[in-house]
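Work through the exercises below with the structure open beside you, and try each task before you read its solution.

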Amino acid sequence: MITLRNIYKSFGSQKVLDGLDLDIPRGKITAIIGPSGEGKSVLLKHLIGLLQPDSGTVQVEGESILNVGRGELNRIREKFGMLFQNVALFDSMTVFENVAFPLQEKTPLDKDEIRSRVLSALEDVGLKNIEQKYPDELSGGMKKRVGLARAVVLEPKIILFDEPTTGLDPIIKRAIHQLIIDTHLKFGFTAVIVSHEIPDIFDVAQNVAMLFRGKILQHGTPDEIRNSDDPAIRQFISGSLDGPIQMI
Amino acid sequence: MVRVLGRTTITIVQDLGKTGWFLAYSFYMMFRHPGSLLHILKQMRFIGTKSLFVIVLTAGFTGMVLGLQGYYTLAKFGSEGMLGTAVALSLIRELGPVLAALMVTGRAGSAITAEIGIMRITEQIDALETMALDPFKYLVTPKFVAAMISLPLLCAIFDVIGIYGGWLVGVKLLGVNPGAYFYEMEKAVVWRDVFSGFAKSFSFGIIIAWIGCYKGYYAGHGAEGVSKATTESVVLTSVIILVWDYFLTSVLL
């Protein structure tokens, strides 16, 4: 369980998170939806301590990740894997080296074991014979898959996905969503997905939280969100230009 | 007006604090996790070996210019025989460490900033953090160790090539006695001169790695942010090297 309480975060005069509360249940896929620029990625970075709130508390399985030493924070971070919006593969390393890197640094496995784990992780995401390629030789969808393989290779308890399907065509998008579902079934991790893929995300997530004006407007099952009476949620799902969500 | 002045002062003090913290943490990490030998060797190849060509080229011509200028100055006093001493002392005490450091700043310091800056804006540094790995261990400390080892070695090469550049012009072109060129040099140059040159190079290595890594680590947004960080890195490193050189010379003289 990840718990956020009363989170405030501003960048200069711009208020991004404004007294946000959220409970992310263990072992489930939770999607955070909301209009662009509302701070979904900022919220995600708070979960893993890449950003610190101005005030509020963040607890991961009962342990606070705020005001702790680097060693303690790293111990908590070992529970996490993360797929970044732009994937963030190490561009001077091959695909194999990218996926092998966390294993080399965080486990005592020997070369053969690492090789077999890497190949197995790549196979799980549907990639074969690309181990020696560099990230800039891959398509957007392939990069996302490699990023996913790197995120799951240490079999973390929690995986954060920052807009995993942005910029991909509908078929690749569906494939990535299916991969998230499949890997979740296989490893049973807690997943937090930041997304504005409506309505696809309702088929992936078991919980959906709508972020708007720095707060969680509603948190519930996909059906509850789909049938919400809240005008902002209705506007966001329908994609209507009229409503409380203003395009500037 | 007062508000702008106050805000600027606070920003400068904050930046200085951040820069100082970066250096202190880099040293802390250097003793705790000096980085793998492979990482350090890779960085030594990049900072040291790949700078050899530009070092040899600039050292050769610097020595030749010193030979030329020194000869015409000394000839006015009938002391052409002291040319070797003049060239060697200028190079070993001053020009070798400073020019080698400035060349490495332009070639490797800028590349260090660009490399780390691009990793920052493409979230590769964040990726390291999410893997519970300290980015300093992989990106910063190997560069510090490599620069601290490479710069004195490059300086030594600069000195030797420069001395032979001066010899080429002074002895081969202008007819200075070859025996006098090296004999007077051997008499005048003492271990303290060599030590002060190496001490300077060593500290310049720290400055190059420090500012190069710092500017990249805190690069702004997008390509423009990296470009600005790279320019600032080269300018700031060069200025700090020259200012630090003055203070170090006044202590070591």
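Two residues are in contact if their C-beta atoms, placed from the backbone, lie within 7 Å. The model used in these exercises is predicted.

**Exercise 1. The contact of chain A with chain B**

Task: Find how many residues each chain gives to the contact, and describe the side that belongs to chain A.

Solution: Begin by counting on both sides, where the contact takes 13 residues from chain A and 10 residues from chain B. Next, look for the elements of chain A that take part: helix H2 (70-77), strand E6 (80-83) and helix H3 (95-106) of chain A each supply at least two residues of the side that touches chain B. Finally, sort this side of chain A by class, which gives 8 nonpolar, 2 polar and 3 charged residues.

**Exercise 2. The two domains of chain A**

Task: State the domains that the assignment gives for chain A, and describe how domain 1 meets domain 2.

Solution: The domain assignment divides chain A into domain 1 (1-79 + 157-248) and domain 2 (89-155). The C-alpha centres of these two domains of chain A lie 25 Å apart. Where they meet, 9 residues of domain 1 of chain A are in contact with 10 residues of domain 2 of chain A. On the domain 1 side, helix H6 (residues 170-187) of chain A gives the most, with 5 residues, and by class this side has 7 nonpolar, 2 polar and no charged residues.

**Exercise 3. The largest nonpolar core**

Task: Identify the residues that touch the most other members of the largest nonpolar core, and then trace which parts of the chains contribute to this core.

Solution: The core holds 119 residues, and those that touch the most other members are A:Ile159, A:Leu160, A:Ile193 and A:Met210. The largest share of this core, 16 residues, comes from helix H6 (residues 135-173) of chain B, while domain 1 (1-79 + 157-248) and domain 2 (89-155) of chain A each provide at least three residues.

**Exercise 4. A helix pair in chain B**

Task: Describe how helix H3 (residues 52-75) of chain B packs against helix H4 (residues 83-121) of chain B.

Solution: Start with the chain as a whole, which has 9 helices and 0 strands. For the pair itself, two quantities are needed, because two packed helices are described by the angle between their axes and the distance between the axes. Here H3(B) and H4(B) pack at an angle of about 145°, with their axes 10 Å apart, and H3(B) passes H4(B) in a right-handed crossing. Among the residues that meet are B:Val54, B:Ile55 and B:Leu66 in H3(B), and B:Leu83, B:Ala86 and B:Arg107 in H4(B). By class, this contact of H3(B) with H4(B) has 13 nonpolar, 6 polar and 1 charged residues.

**Exercise 5. One residue of chain B**

Task: Is B:Val169 buried or exposed?

Solution: A residue is buried if 20 or more other C-beta atoms lie within 10 Å of its own. B:Val169 has 21 other C-beta atoms within 10 Å, and therefore B:Val169 is buried. Then compare sequence with space: B:Val169 and B:Leu66 are 103 residues apart in sequence and 8.9 Å apart in space, C-alpha to C-alpha. Leaving aside its neighbours within four places in sequence, B:Val169 is in contact with B:Met64, B:Gly67, B:Leu68 and B:Leu174.

Terms used. Residues are numbered from 1 along each chain as its sequence is written. Chains are lettered from A and ligands numbered from 1 in the order in which they are written. This is a predicted model: local features need pLDDT of at least 70, side-chain atom pairs count only at pLDDT 80 or more; totals for chains, interfaces and linings use all residues. A nonpolar core is a set of buried Ala, Val, Leu, Ile, Met, Phe, Trp, Tyr and Cys residues joined through C-beta atoms within 7 Å. A residue is buried if 20 or more other C-beta atoms lie within 10 Å of its own, exposed if 12 or fewer, and partly exposed in between; C-beta atoms are placed from the backbone. Helices (H or I, at least four residues) and strands (E, at least two) are DSSP runs, numbered from the N terminus. Domain bounds come from an automatic or database domain assignment. Ala, Val, Leu, Ile, Met, Phe, Trp, Tyr, Cys and Pro count as nonpolar, Asp, Glu, Lys and Arg as charged, and the others, Gly among them, as polar. Axes are lines fitted to C-alpha atoms, for helices over the stretch in contact, and angles run from 0 to 180 degrees between N-to-C directions. A crossing is left-handed if the near helix is turned anticlockwise from the far one by less than a right angle, and right-handed if clockwise.
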